[in-house]
Amino acid sequence: MAVNLVNVENVSKVYGTRALLDGVSLGVSEGDRIGVVGRNGDGKTTLIRMLAKLEDADTGRVTHSGGLRIGVLTQHDSLDPTATVRHEVIRDMADHEWAGNAKVRDVLTGLFGGLDLPGFPQGLDTVIAPLSGGERRRIALAKLLIEEQDLIVLDEPTNHLDVEGIAWLARHLRERRSALVCVTHDRWFLDQVCTRMWDVQRGDVFEYEGGYSDYVFARAERERIAATEETKRQNLVRKELAWLRRGAPARTSKPRFRVEAANELIADVPPPRDSSELMKFASSRLGKTVFDLEDVTVQAGPKVLLKHVTWQLGPGDRIGLVGVNGAGKTSLLRAMAEAARTQGETQPVGGRVAVGRTVKLAYLSQEVAELNPNLRVLEAVQQVRERVDLGKGREMTAGQLCETFGFNKEKQWTPVGDLSGGERRRLQLLRLLMDEPNVLFLDEPTNDLDIETLTQLEDVLDSWPGSMIVISHDRFFVERTTDRVFALLGDATLRMLPRGIDEYLERRRRMEEAAAASVPAPAAAHKAVPEKSAADQRAAKKELQKIERQLDKVSEREAKLHAQIADNATDFEKVAKLDAELRDLAGERDDLELRWLELAEEA
């Protein structure tokens, strides 16, 4: 029987006139892996701080088992700014001692990319004071994970980690024996790591079995049974449920409650978006040309980030862009945005970016634009436009779109200067959409947004007709809102990844293994490959584009088959037939992907 580690008994906490937690009772046992979700400001951080005894409850009590070893990652670290990374993380361990410790090696490699801490000026001997907030946070996380604990409490551990770092952290936490309580808005991470969920809502905490996908199913079922009056919110839950069932069937283990109930919930829910219809509408708004990059080279100062890139963003394309930090993702978007702003007059250092005449670009950068702090939220939106056309006959007023983005009628009259960082980010995105762009560049749009706001944003983007590029470390958001993934692998090239982020992680792992082995490619192998003529390269690029279109069609057919399987879950004969078609499609996809990889090398 699992030993109880922490008991929370009838705990309440009030800030001002608002009860964040009201009579909450919970427990954490050995082996628990608990994800904590809820809207920003509803008390997630307060709950875990009280759980760790970093903050006192107003009423009730929190008890720890005797001798409990607990490690806590808060949003503000307590590192000594005058100390070195070595002193904070390794402590007084001798070099041969920590280098021979598999856990230490795994943590340093997973969080920093190598034992010598590449990216830090003096490696382990770098002084902490001048480091950025993201670098300090990774140091605090490394310090915590190297130690032994019975319970780990993490507040937004994936912040400032890239896709690889998040994947490593998920694996590391799954393999640890420590119990875990984790606040995060990263839904992929929750699905990978957690076996229970706590949903903090209006002073109460609801418990669910399973990871994030199971939680979405169970919450939708609970709200259906309770016949909740929150119709808008329930519809968003059901739409995400349809995405989880139809759009990504292999994302998680089989839900822990009856499949029939889940099918009943999504019987009348359409797929998240009709890609072909949106593509037609986008073409009518944008024409044939959106962005055409021909032999483009992108630099940041003296450093060449991308060389000889030929690429096209077409009408209705929804692209996810992933890559190692510093590979040039943001620089690429900036170069394209600058060409659009100057109508093609400003070009990269090499090559040319052609911009369609009808392109109206909205660019959400990582920096939050400054607004007049005395403006009310609604006024800041109405400054741009009173009403917005979302396509397919959908129109919203500024006030309605504010509500969709989590600004209720009361919040709409809050001065901009009183908003939190996440709220300002939401407002910035809202103002961009209000200007009715037909091309969107979103650079880390999920920063500081809670899960409920993310689902609302995804709902708006589902029916948004235009071309879009998303840079994000939030894997769930990328997979949910885009149709194809391209990667910057740090070798100055841009590559399409037919299998998405899974393929990106595999490629990065192979690159790291090759670098670790330090085995250079034999010179003879290079000589054996004849140099391709310019004509051959052009032909390869054309065939690449053709295969990419074929892969898109295969993806659409797969999505339809998954939807049919979900709709006919109780008809085993039909499901078996549909499954056979799905396997044939998988074979066709494998052949296309293999040919794509061959052509990519030629091109």
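1. Rings of Phe, Tyr and Trp count as a pair if their centres lie within 6.5 Å. In this predicted model, Y208, Y212, Y215 and F476 form one aromatic cluster. The structure as a whole holds seven aromatic pairs.

2. One of these pairs is Y212 with Y215, tilted, with 5.6 Å from centre to centre and 55 degrees between the planes. Helix α8 (residues 212-226) contains both Y212 and Y215, which are three residues apart, about one turn of the helix. Y212 and Y215 are both buried.

3. A further tilted pair is made by F291 and F441, where the centres are 5.6 Å apart and the planes stand at 40 degrees. This pair links distant parts of the chain: F291 belongs to strand β10 (residues 291-300) and F441 to strand β17 (residues 439-443), a separation of 150 residues. Both F291 and F441 are buried.

4. An arginine also meets a ring. The charged end of R426 sits over the ring of F407, at 5.0 Å from its centre.

5. On the chain overall, there are 21 helices and 20 strands. Of the contacts with a separation of 6 or more, 70% are between residues 24 or more positions apart. The F291 and F441 pair, at 150 residues apart, is one link between distant parts of the chain.

6. Of the 603 residues in the chain, 52% are buried; Y212 and Y215 are among the buried residues, as are F291 and F441. The accessible surface of the chain is about 28,300 Å², and carbon and sulfur atoms contribute 49% of that surface.

Definitions and conventions. Residues are numbered from 1 along each chain as its sequence is written. This is a predicted model: local features need pLDDT of at least 70, side-chain atom pairs count only at pLDDT 80 or more; totals for chains, interfaces and linings use all residues. Side-chain values use heavy atoms; hydrogens and water are left out. Rings of Phe, Tyr and Trp (its six-membered ring) pair if their centres lie within 6.5 Å; planes under 30 degrees apart count as stacked, over 60 as edge-to-face and the rest as tilted. Helices (H or I, at least four residues) and strands (E, at least two) are DSSP runs, numbered from the N terminus. Buried means under 20% relative accessible area, exposed over 50%, partly exposed in between (1.4 Å probe, protein chains only). A charge sits over a ring if NZ of Lys or CZ of Arg is within 6 Å of the ring centre and within 35 degrees of the ring normal. Contact means heavy atoms within 4.5 Å. Accessible areas come from the Shrake-Rupley method with a 1.4 Å probe; for residues, only the protein chains shown count as cover.
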